[in-house]
Amino acid sequence: MTDKFYLTTPIYYVNARPHIGTTYTTVVADVIARRKRALGVDTFFLTGTDEHGQKIERSAERAGCSPQAFTDEVSAQFRALWDRMGLTYDDFIRTTEPRHKRGVQKLFALLKERGYIYKGSYTGQYCVYDEAYVDVPPGAPCPECGRPTETINEENYFFKLSAFERPLLEFYEAHPEFIRPETRRNEVVSFVRAGLKDLSISRTSFKWGIPVPGDEKHVIYVWMDALANYITALGWGSDDESKFKTYWPADLHIVGKEITRFHCVYWPAFLMAAGLPLPKSVVAHGWLLFEESKMSKSRGNIVRAETILEVLGADALRYFLLREVVFGQDGSFSFDALVQRYNSDLANGYGNLVSRTLTMIGKYFDGVVPEPAGLQAASLATEIPETVVAVEQQFEALDFSRALERLWTIVAATDGYLTASAPWKQSESLTDEQQRALRATVLYTAAEAIRIVTALVYPVLPDAAAKVWAQLGLGDIQKADLKQVAWGGLKPGTKLGELGPVFPRAEKDAIQKMKEIEEKNAPAAPAEDKVVKAEKPAEEAAAAEHTAVAPKQAEPRHEAGGRGMPAAPAVPATGTVVNPVQEAAAALSGSGDKITIDDFTKVELRVAQIKVAERVPKADKLLRLEVDLGYEQRQILAGIAEAYAPESLVGRKIVIVANLAPRKLRGLESNGMLLAASLEGGKPVLASFLEDVEIGARLK
Ligand code: MSP
């Protein structure tokens, strides 16, 4: 076993406030950190926020405040939540801190000095949402997230990533444990085998980033900036590198599966180029899904950790995340599943076992752990040590779900043993002495089983375990030596502490309560909205909205719907089939080419995501789309088949007129209409957003 352990979470983008998806990664890291510390390992657990880049700059702009004020606010929300949850990070790094900026500039300068950075120019597509260069033709959406990409044509600095193709492959070969699980490893290896191109690592078209040393019109590419946090937080590049010397290389980077490439290709290549040791392992977990899709701000399907903390407490959320989601795979979240797990495993399971055992020790032995007598609880005494070994191995392998499942077999077995032995019954065939001996053995055995479960579950249920440990009369669990959980460690004669409920049963309306709290905070109020409210008086915000929806110029510009919408007027893209916006406008107005704001608000424009796109047989121009509006799915027919291949549309977010009366086209019902710019003699261009927008959001 190594005597130090350095583990990290990804640093979170501050364009969205924390939700239980981001909480998941941080909780997993906290569980690992707590377990390592409990085993006596010198552990350093790092988390933080990723605050630079075009995405954040735009979010701040939209929120109407400076990027610094914006990032200060959202970063503080992350930190406050982690603190409220009692997460035991050792450092929280912000990429806007001087210590980080200094280190990143040093890394850039070092790579340049070592001949791995050169100047060139980049023309290609960029996905602002993923902050990634993508290899697709202009106009095509991002293959990763389906959002529109932007063409950039800039003078950039390049990193010689191509030089690391072979060294990386050799490294993966020599260190199979570097990427886990296997599926991610295979993806990364095939990506590198397919050939690596040099990577653009600076941008000039925006300002919110760390300037390239000596050429300040460039800012350093946000992923190079962000990845470096893992060493700048340890003081690399500062006057005091002692932490770096102690803890680097990282033992474990925990990441979501979508960012393995950055961590397993770019990051080791940067480190190789800098002549620094590489991390020992990167483990990718799956996504937390809610209503079948990845929980994220843009989908508007976020559940906040605070809601669960308020109703069931932090331990309930931790247990659910670790038990219900198989680490490495996607897992689903639902309030029903959460409450069911809580009641079955925590309230009726562990909590009830603790309560009935300790109450009986109080009643029959004045609250003092009895000395077990001659009778043996043979099967438990042999089963438990075997289970302990298995659980420890499963924790070590980060197989949390199975570890907890196995650990709970002790809870169930002990519960069954108590029920079968019925120590509360006075048996007529036993003398008082024998009865007491039986009770002593049964209750000692149950209390010892509880002690063992508690010691092992402490990293997952720190609050509950601390309470139970104190109730067992064992004092402060944080000071306990949890390395050895050998059977028989509980000393008879130990005076129990004060008893109290550990996991009270969830109230009947717990689910309802959580849903109401979420609704109160809906629609998924993104972090930036909060900043706007804080900084803009209500009238000003209302006036801004009014200007946006009632423009002076004849061409409607959908500023409120999102910057980056094409400047050309949005018109329906239904080809020759229908043109109902014009119809609607004519019907609404009746006063020349001007309509009133009331007329406009009758048109319900909403963001929808294309889920299915296919050609309509014998109709050259027509595509059949199934779109998701968040609250419903519907079918729309659109005359865009000559401009868009159906497969390029899936995942793309578009604008639709949602309250259009249904029509039949070629025997198929079209329920709404999408918007596109109609270019003179050209093909329609779909209206879309550069920013991240929620499905179902209304344009006004
Ligand atoms: N800033 C980058 C990471 C830079 S690390 C040098 C980033 N940030 S992020 O905020 O978009 O996502 C960070 C991590 O949050 C993901 O890798 C993942 O670990 C976690 N998750 C975000 N949404 C999630 C779910 N719905 N489910 C599980 N994890 C999720 O990428």
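**Note on the salt bridges**

1. Glutamate 150 counts as buried, at 14% relative accessibility (buried is under 20% relative accessible area, exposed over 50%, partly exposed in between; 1.4 Å probe, protein chains only). This is a predicted model, where local features need pLDDT of at least 70, side-chain atom pairs count only at pLDDT 80 or more, and totals for chains, interfaces and linings use all residues. Residues are numbered from 1 along each chain as its sequence is written, and side-chain values use heavy atoms, with hydrogens and water left out.

2. The structure holds 30 salt bridges (a side-chain nitrogen of Lys or Arg within 4 Å of a carboxyl oxygen of Asp or Glu). Glutamate 150 pairs with arginine 58, with the closest N and O atoms 2.6 Å apart. Glutamate 150 is in strand β7 (residues 150–159) and arginine 58 in helix α2 (residues 54–63), so the pair ties together parts 92 residues apart in sequence. Helices (H or I, at least four residues) and strands (E, at least two) are DSSP runs, numbered from the N terminus. Arginine 58 is buried, at 10%.

3. Glutamate 324 bridges to arginine 341, closest N and O atoms 2.7 Å apart. Helix α12 (residues 314–324) holds the glutamate and helix α13 (residues 335–365) the arginine, so parts 17 residues apart in sequence are tied together. Glutamate 324 is partly exposed at 30%. Arginine 341 is buried at 18%.

4. Glutamate 448 and arginine 451 meet in a salt bridge, 2.7 Å from N to O. They sit 3 residues apart in helix α16 (residues 432–457), so about one helical turn separates them. Glutamate 448 is buried at 0%. Arginine 451 is buried at 8%.

5. Lys119, Glu155, Asp215 and Lys217 form one network, joined by salt bridges that share partners.
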